[in-house]
Amino acid sequence: SLPAAGLFRRALMASGWCTIESDPGVFSELITELGVKGVQVHELWSLDKESMAEVGPVHGLIFLFRWRGEKDDRATVTPGPGVFFASQMIPNACATQAILSVLMNCPSISLGEEMTAFKAFTKDFPPDVKGLAISNSDLLRRVHNSFARAEPTVSEERRASKEEDEVYHFISYVPVDGKLYELDGLKAGPICLGDASPGEAWLDAVTPAIQARARALGSGLGLWG
């Protein structure tokens with residue numbers, strides 16, 4: 001294994017994470033290429049129970065919003081041993097990291113051999129070193145780049161728009177060990193949103209949390225489950 005300093009040096013030299021499409025079909029195929037089995041990504045147009053039921057078991061939610069650098073004073077927590085939280089070290093890996101935040105925090109998902117090994121390897125790393133491990137994973141970078149968009153030098157978070165400097169960001173919502181977390185790699189740690197009931201009852205708790213974020217952030221939103 002590499003010490004943190006070695007990972008940091010590699011991260012400084014790492015360029016080569018291309019832009020990928022923010023598309024549920026692309027995300028589903030990316031997950032499959034990582035060796036994960038039985039998981040698909042669906043775009044959600046509503047948070048009502050009927051919409052959730054249509055996509056089957058929901059392991060987590062990924063929220064896309066226009067990032068304006070708003071001040072957010074909500075307290076973060078130190079990740080417990082059961083919570084996979086990684087700091088975001090590469091702008092172009094934003095969507096892939098949000099996907100990993102769901103996959104790595106759901107024990108019922110069959111991760112496959114390589115991602116299971118990656119989870120075990122990074123288990124005791126602090127968030128920043130977890131982020132460096134993601135940025136330097138040959139498997140993650142290769143699979144991510146296989147879905148490169150036509151303009152690979154443009155940040156994944158900078159999407160086509162009539163407005164200049166319109167930047168988008170991905171965050172994840174997952175239940176872990178009886179608690180509901182918002183996972184945003186740009187923050188110091190997870191945000192605990194309260195208790196999460198067993199099964200899919202956690203969706204009742206996450207809905208008002210996402211709706212509150214949507215109201216605070218305004219337009220330009222998307223949701224995947």
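This is a predicted model: local features need pLDDT of at least 70, side-chain atom pairs count only at pLDDT 80 or more; totals for chains, interfaces and linings use all residues.
Entry 1: I started by asking how many salt bridges the structure holds.

**Entry 2: Glu182 and Arg74.** Glu182 pairs with Arg74, and their closest N and O atoms sit 2.8 Å apart. I then looked up where the two partners lie. Is Glu182 buried or exposed? With a relative accessibility of 1%, Glu182 counts as buried, because the cut-off for that is under 20%. Arg74 has a relative accessible area of 31% and is partly exposed.

**Entry 3: Asp138 and Arg141.** Asp138 makes a salt bridge with Arg141, with 2.7 Å between the closest N and O atoms. Both residues are in helix 7 (residues 138-145), and they are three residues apart, or about one turn of the helix.

**Entry 4: Asp195 and Lys179.** My last stop was the salt bridge between Asp195 and Lys179, where the closest N and O atoms are 2.6 Å apart. Which elements does this pair tie together? Asp195 lies in strand 4 (residues 191-195) and Lys179 in strand 3, so the link joins parts that are 16 residues apart in sequence. Asp195 comes out at 55% and counts as exposed, because it passes the cut-off of over 50%. Lys179, at a relative accessible area of 32%, is partly exposed.

How values were computed. Residues are numbered from 1 along each chain as its sequence is written. Side-chain values use heavy atoms; hydrogens and water are left out. A salt bridge is a side-chain nitrogen of Lys or Arg within 4 Å of a carboxyl oxygen of Asp or Glu. Buried means under 20% relative accessible area, exposed over 50%, partly exposed in between (1.4 Å probe, protein chains only). Helices (H or I, at least four residues) and strands (E, at least two) are DSSP runs, numbered from the N terminus.
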